[in-house]
Amino acid sequence: MGKRYRKAMKELQLDLVRLQHGLRSSGKRLLVIFEGRDAAGKGGTIKAITESLDTRGYRIVALPKPSEAEATQWYFQRYVAHLPAAGEFVLFDRSWYNRAVVEPAMGFCSSTQYEAFLDAVPAFEKLLADDGIILIKYWLAVDQAEQEKRFAERADDPLKRWKLSPVDLVARQKYAEMGRLRDVMIERTHANHAPWFVVDFNDQKRGRINVIRHLLQQLPLHDGAVPAVKLPRLKGKPKTERVTEQASWVPDTF
């Protein structure tokens, strides 16, 4: 699948560039939320989407545990600061939906806070949609056996061990409970203006292709390719870069 995957991804990334160009031209605001189990593939999918985009036109939001001050704020407050501006594409790697699945499963919120959140989300997201924000929500689904395989790979790889937090290790024992909480979340917060879409991520490459294609289908692309750029001819011969001796060159070691 390697060659086929790379070919498909290249075509999709060209369309994502067109999408970004269209957002800028129209001033539309796009917010995409990625939720799912630990090791489902949220980070890798976001990297695949943004790989060829102009870094000035998108933002990735992956917020840490709330600070003591943030814990006393209106629950949505710290997320509001990261909503997209005109022409901007914002991708949430987990979001306010932590309170719908992770927090209740791990005992990080009370049942009162949990119920209040589920009651408030539809109205909150309706406000976003009414203000013109395009909101799309994805749940990346992965079976427990596949999740365990990915956990083992992370544990064995020193470059990936940082991805395994203490919370992740405890959450492994709560697969069924998190599934139940996920279903309640979707049933109570799915709406035409803020729909939930589930993507099979047992095969991560296939999942990325499917989710990007689906995302592109939700919005009109900019007509045609991004305009070509014609470089003017240089005046004179190309120059060799000469830097002041006040600076030190980094040694060439490769």
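A search of the whole structure turns up 17 aromatic pairs, where a pair means Phe, Tyr or Trp rings (for Trp, the six-membered one) with centres within 6.5 Å, called stacked with planes under 30 degrees apart, edge-to-face over 60 and tilted for the rest. Keep in mind that this is a predicted model, so local features need pLDDT of at least 70 and side-chain atom pairs count only at pLDDT 80 or more, while totals for chains, interfaces and linings use all residues. Residues are numbered from 1 along each chain as its sequence is written, and side-chain values use heavy atoms, with hydrogens and water left out.

| Pair | Centre to centre | Angle between planes | Type |
|---|---|---|---|
| Y75 and Y79 | 5.9 Å | 50 degrees | tilted |
| Y75 and F117 | 5.5 Å | 80 degrees | edge-to-face |

Helices here are DSSP runs of H or I with at least four residues, strands are runs of E with at least two, and both are numbered from the N terminus.

Is Y75 buried or exposed? Its relative accessibility is 17%, so Y75 counts as buried; the cut-offs are under 20% relative accessible area for buried, over 50% for exposed and partly exposed in between, with a 1.4 Å probe and protein chains only. Y79, at 3%, counts as buried, and F117 is buried too. Y75, Y79 and F117 belong to one aromatic cluster, together with W74, F76, F92, W96, Y97, F124 and W196.

**The nonpolar cores**

A nonpolar core is a set of buried Ala, Val, Leu, Ile, Met, Phe, Trp, Tyr and Cys residues joined through side-chain atoms within 4.5 Å. The largest one has 33 residues, and L31, F92, W96, Y97, F117 and M185 touch the most other members. At least two residues of this core come from each of β1 (29-36), β3 (89-93), α4 (102-106), α5 (111-130), β4 (133-141) and α8. The largest share, 6 residues, is from α5.

What does L31 touch? Leaving out residues up to four places away in sequence, L31 touches L83, P84, V90, F92, W96, I133, I134, L135 and I136, with contact meaning heavy atoms within 4.5 Å. There is also a second, separate core of 30 residues, with I46, Y58, Y138 and L219 among them.

M178 lies in helix α8 and counts as buried at 8% relative accessibility. Beyond its neighbours within four places in sequence, M178 contacts R37, V101, V102, A105 and A171. M178 and R37 are 141 residues apart in sequence, yet their C-alpha atoms are 8.2 Å apart.

Now for α6. Its buried residues are E146, Q147, R150, F151 and R154. They cover an arc of only 140 degrees around the axis, which puts them on the same side of α6; the arc is taken from the directions from the helix axis to the C-beta atoms. An α-helix has 3.6 residues a turn, so residues three or four places apart point the same way. The buried residues of α6 pack against α7 (166-171), α8 (175-189) and α9 (204-217). On the face turned away from that buried side are the exposed residues A145 and D156.
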